[in-house]
Amino acid sequence: MSLDALIFDVDGTLADTEEVHRQAFNAAFRAHGLPWTWDPERYRELLAVTGGKERLASFAEAQPAGDHRGRDVAELVAEVHATKTQWFTERIASGRVAPRPGVARLVAEARARGIRLAIATTTTPRNVEVLVPALLGEGALAWFDAIAAGDVVPRKKPAPDVYRRALTELGAPADRCVAFEDSEAGVGAARGAGLFTVAVAAPWTSHHDLSAANLVLPTLGDEAHPLTGADAARAGGAWLGLDGLAARHAAWVAASGPERGIPAC
Ligand code: XBP
Ligand code: MG
């Protein structure tokens with residue numbers, strides 16, 4: 001098989017988590033006495049900024065100074081984000097979200113065939129530590145040979161840094177791995193790292209342009225959520241299985257030559 005590893009994004013790809021993130025931010029604002037509330041429409045706009053701390057900082061700096069009540073904005077952002085992460089992980093640990101269709105199936109297929117697993121995400125590492133077992137079961141974190149998350153890289157998506165970090169930790173070449181993403185920034189990051197990329201738009205990224213991905217599907221599909229029509233034709237059946245994925249990846253490798261490699265930057 002032409003594949004060494006599958007590299008998964010987290011928020012929106014492993015699970016539809018952004019509503020819990022949004023509620024966590026609002027809970028943190030209340031806990032810190034801030035007069036801010038992010039409704040779904042405002043949050044959808046704010047998601048254009050990747051990274052919760054960066055998203056919060058860009059919002060906070062645009063608010064009236066009085067909101068901060070004399071507190072240093074950078075310190076305030078760090079404190080509020082820590083509260084947010086605590087709130088988020090407590091809800092996730094209580095079982096608030098399920099894996100997106102096909103994620104558990106494809107992970108199980110990969111493990112059964114000796115294909116390694118990795119994560120490349122903008123989210124805080126603590127979120128991954130709690131979310132993966134909540135989604136895939138106790139001990140599932142150990143299935144991932146590389147977990148590149150949050151501030152381990154200087155630049156967040158769409159920069160390719162976090163995918164390059166995952167590849168380095170895997171010790172695998174980009175053209176023997178596949179990335180799974182849900183957002184325009186995430187697809188840009190994965191493609192920028194030279195990876196064959198499967199995009200599965202999530203409710204919070206349904207308006208994103210995912211056309212830079214090599215394969216775009218509504219979900220990965222599974223028995224309970226079969227793909228149909230043109231989606232099934234693209235996936236090679238009612239769901240994207242490991243053989244169908246490997247065939248599409250191998251065809252891309254054969255057709256794209258060296259220019260598919262990592263752009264200089
Ligand atoms: C999505 C993000 C994250 C989350 C919030 O990450 O941009 O910032 O919205 O999590 P992914 P944090 O790359 O997994 O799609 O507050 O921990 O950043
Ligand atoms: Mg995502």
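Select Asp11 to begin: at 10% relative accessibility this residue counts as buried, where buried means under 20% relative accessible area, exposed over 50% and partly exposed in between (1.4 Å probe, protein chains only). The model is predicted, so local features need pLDDT of at least 70 and side-chain atom pairs count only at pLDDT 80 or more, while totals for chains, interfaces and linings use all residues. Residues are numbered from 1 along each chain as its sequence is written, chains are lettered from A and ligands numbered from 1 in the order in which they are written, and side-chain values use heavy atoms, with hydrogens and water left out.

Asp11 lies in the loop between strand 1 (5-8) and helix 1; helices (H or I, at least four residues) and strands (E, at least two) are DSSP runs numbered from the N terminus. Display next the residues in contact with Asp11, contact meaning heavy atoms within 4.5 Å. Leaving aside neighbours within four places in sequence, these are Thr17, Glu18, His21, Thr121, Thr123 and Asp182.

**Helix 1**

Select residues 18-31. The expected span of a helix is 1.5 Å times one less than its number of residues; for the 14 residues of helix 1 this gives 20 Å, in agreement with the 20 Å between its end C-alpha atoms. Of these 14 residues, 10 are buried, so helix 1 is largely enclosed by the rest of the structure. The buried residues include Val20, Arg22, Phe25 and Phe29. Colour their packing partners separately: helix 2 (40-46), helix 3 (52-60), helix 5 (73-93) and helix 7 (125-136). Gly33, which follows helix 1, has a positive phi near 65 degrees.

**Helix 3 against helix 5**

Show helix 3 and helix 5 together. Their axes are 10 Å apart and the packing angle is about 135 degrees; axes are lines fitted to C-alpha atoms, for helices over the stretch in contact, and angles run from 0 to 180 degrees between N-to-C directions. The two helices are therefore oblique to each other, given that angles under 35 degrees count as roughly parallel, over 145 as roughly antiparallel, 65 to 115 as roughly perpendicular and the rest as oblique. On the helix 3 side, select Gly52, Lys53, Leu56, Ala57 and Ala60, which meet Val73, Val77, Val80 and His81 in helix 5.

Now centre on Val73, which at 22% relative accessibility counts as partly exposed. Not counting residues up to four places away in sequence, Val73 touches Ala60, Glu61 and His68.

**Helix 5 against helix 7**

Follow helix 5 to helix 7: their axes come within 9 Å and cross at roughly 10 degrees. That makes the pair roughly parallel. Lys84, Thr85, Phe88, Thr89, Ile92 and Ala93 in helix 5 meet Arg126, Asn127, Val130, Leu131 and Ala134 in helix 7.

**Two backbone stops**

Most residues other than glycine have a negative phi, and most peptide bonds are trans. Select Arg69, in the loop between helix 4 (65-68) and helix 5: its phi is positive, near 50 degrees. Arg69 is exposed, with a relative accessible area of 57%. Finish at Pro158, in the loop between strand 3 (144-149) and helix 8 (161-170), where the peptide bond from Lys157 to Pro158 is cis, with omega near 15 degrees.
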